[in-house]
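Student: I'd like to learn how to read a model like this one. Could you walk me through it?

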Amino acid sequence: MTGNAVFKAIVDEAEVYKYYSDGEWRKSSSGKSVPIINPTTRKPQYKVQACTQEEVNQVMEAATSAQKSWAKTPLWKRAELLHKAAAILKEHKAPIADFLVKEIAKPAKDAVTEVVRSGDLISYTAEEGVRILGEGKFLVSDSFPGNERSKYCLTSKIPLGVVLAIPPFNYPVNLAVSKIAPALIAGNALVLKPPTQGAVAALHMVHCFHLAGFPKGLISCITGKGSEIGDFLTMHPLVKCISFTGGDTGAAISKKAGMIPLQMELGGKDACIVLEDADLDLVAANIIKGGFSYSGQRCTAVKVVLVMVSVADALVEKVNTKVEKLTVGPPEEDCDITPVVSESSANFIEGLVVDAKQKGATFCQEYKREGNLIWPLLLDHVRPDMRIAWEEPFGPVLPVIRINSVEEGIHHCNASNFGLQGCVFTRDINKAIMISDAMETGTVQINSAPARGPDHFPFQGLKDSGIGSQGITNSINMMTKIKSTVINLPSPSYTMG
């Protein structure tokens with residue numbers, strides 16, 4: 001069932017995947033499991049342990065103990081183990097990718113790409129961590145008015161303690177390691193709570209860290225029902241930092257977490273503003289790539305197209321031509337459009353479509369759905385009174401709003417509660433920069449669709465899209481604190497002239 005003998009330790013005789021605690025794969029004392037539904041078949045595919053609150057306590061205590069020793073581990077050794085984990089992960093990309101196909105209906109080639117990209121992210125983090133954490137600052141007191149050079153200040157970065165990582169279903173491996181690797185190189189312990197859909201792929205990824213030889217207790221992976229252990233995890237007194245990627249749950253976590261650093265990405269309604277001078281072939285290609293890849297189930301997907309009226313007909317025609325060429329079907333066949341993750345997601349998307357239909361949107365394709373599989377749909381002549389103009393569908397349905405001015409497009413973008421990313425298409429770089437400055441989003445892409453990567457780029461959201469900034473360097477810095485040591489000299493001291 002695991003697809004590879006290397007992973008046989010992580011599943012029990014009843015074919016329930018174990019959780020990882022204190023360096024061992026364990027069965028929960030609850031005797032219960034959580035089913036994982038295959039989005040394509042809509043039938044149970046796997047089961048994971050339903051861990052208890054007491055098991056959460058045990059994980060946290062082991063992590064706290066292991067972190068104290070890990071913080072004393074030489075930086076080069078931490079990096080060496082991360083490089084080893086990256087190599088093991090990439091070596092076993094095929095079986096892990098297969099779980100992504102079955103758990104979250106990710107097209108096969110994209111699933112392999114996610115695992116390889118994750119290995120590369122771990123290695124880059126190891127190298128970047130050595131550079132960032134290997135440097136400190138030396139300050140002298142006489143740079144501030146009224147002081148002589150009688151104090152020397154040495155600053156360095158120290159770990160926070162136990163980091164709780166909660167990734168989303170759509171990138172359960174990549175967005176997990178984007179939290180795990182920075183936490184570990186910085187000297188923290190890491191507790192992973194994977195999403196239910198994607199948990200088995202995440203457990204296999206964790207086993208790669210286990211095989212690399214990290215100390216017992218330093219990395220843990222706990223599975224279970226959010227209703228039973230979710231709040232208990234996020235409010236646990238031993239957690240010193242939370243890195244979360246997901247939806248509305250993040251806002252609730254932020255209110256309950258207390259005075260600890262938070263790193264959160266909570267979704268987007270990424271706007272694509274198209275000016276009259278834009279290269280429409282380039283725009284159409286990026287709308288297809290940005291709006292429909294992985295069936296639109298990406299936080300950085302193009303979620304609304306704001307196009308100048310004068311070029312709207314031409315752009316819609318070009319996009320429709322490309323939509324017709326998208327393949328629709330099961331992820332095993334590497335189709336462009338695969339089933340969305342759950343029936344509830346499909347129902348939500350359908351609700352947006354029905355609302356747009358009732359309010360007069362133009363359907364460029366016939367709406368078609370079979371189970372969780374929704375055919376790609378471009379909605380033209382969408383108006384601000386339609387839900388699809390504001391809500392994030394997380395599916396292959398894309399609204400087009402025709403605008404009469406750049407200001408109208410910027411206004412719509414900024415009126416959204418979200419502010420993750422956006423993009424602007426124009427040949428005039430001056431206009432592009434001015435529009436970028438006016439858009440209230442964490443990132444603006446010029447002449448390209450929104451995207452989180454490369455993974456070392458800063459990635460952050462404004463407003464309801466999140467707290468803090470991600471990207472390898474930013475994550476390392478967020479998962480550390482500054483420690484200062486001040487040397488007080490008996491008398492002012494100056495270097496020789």
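Predicted model: local features only at pLDDT ≥ 70, side-chain atom pairs only at ≥ 80, totals over all residues.

Student: Fine. Which residues does the domain feature cover?

Tutor: UniProt, in an unreviewed entry, places "domain: Aldehyde dehydrogenase" at residues 25–484. In the model, that span is 41% helix and 22% strand, and its end C-alpha atoms lie 40 Å apart.

Student: And which residue does the record list under "active site"?

Tutor: The unreviewed UniProt entry lists Glu265. That residue is found in strand E11, residues 262–265.

Student: Is Glu265 buried or exposed?

Tutor: Buried means under 20% relative accessible area. Glu265 has 3%, so it counts as buried. Leaving aside residues up to four places away in sequence, Glu265 touches Phe244, Thr245, Gly246, Cys299, Leu420, Phe459, Ser465, Gly466 and Gln470.

Student: On to helices. How does the span of H11 fit 1.5 Å a residue?

Tutor: Compare the expected span with the distance between the end C-alpha atoms. Helix H11 runs over residues 343–358, and its 16 residues should span 22 Å; the ends are 22 Å apart, so the two agree. Helix H10, residues 309–323, has 15 residues and reaches 21 Å from first to last C-alpha, close to the 21 Å expected.

Student: Which residues of H10 are buried, then?

Tutor: Val311, Ala312, Leu315, Val316, Val319, Asn320 and Val323. They pack against strand E12 (271–274), helix H9 (280–292), strand E13 (304–308), E17 and E18.

Student: And which ones are buried in H11?

Tutor: There you have Ala346, Ile349, Leu352, Val353, Asp355 and Ala356. Their cover includes strands E14 (362–363), E15 (369–370), E16 (373–374), E17 (377–380) and E18 (397–403).

Student: Now sheets. What is the strand order in the open sheet of three strands?

Tutor: Here's the general idea to carry along: in a regular strand, side chains alternate between the two faces of the sheet. In this case the order is E5-E6-E26, with antiparallel pairing. Strand E5 (137–140) and strand E26 (480–488) are the edges, each pairing on one side only. From one strand to the next, the twist averages 25 degrees.

Student: How many bridges join E5 to E6?

Tutor: Four, with the strands running antiparallel.

Student: Last topic. How many disulfides does a search of the whole structure find?

Tutor: A disulfide is a covalent bond between the sulfur atoms of two cysteines. The search of the whole structure finds zero. For Cys51, the nearest cysteine sulfur is that of Cys221, 8.7 Å away. For Cys423, the nearest is that of Cys272, at 3.6 Å.

Methods: Residues numbered from 1 in each chain as written. Heavy atoms only, no water. UniProt positions renumbered as here; feature names shortened; annotations may be inferred. Helix = DSSP H or I, 4+ residues; strand = E, 2+ residues; numbered from the N terminus. Buried < 20%, exposed > 50% of the residue type's maximum accessible area, 1.4 Å probe, protein only. Contact = heavy atoms within 4.5 Å. Expected span 1.5 Å × (residues − 1). Disulfide = S-S within 2.5 Å. Pairing = 2+ DSSP bridges. Axes fitted to C-alpha atoms, helices over the stretch in contact; angles between N-to-C directions.
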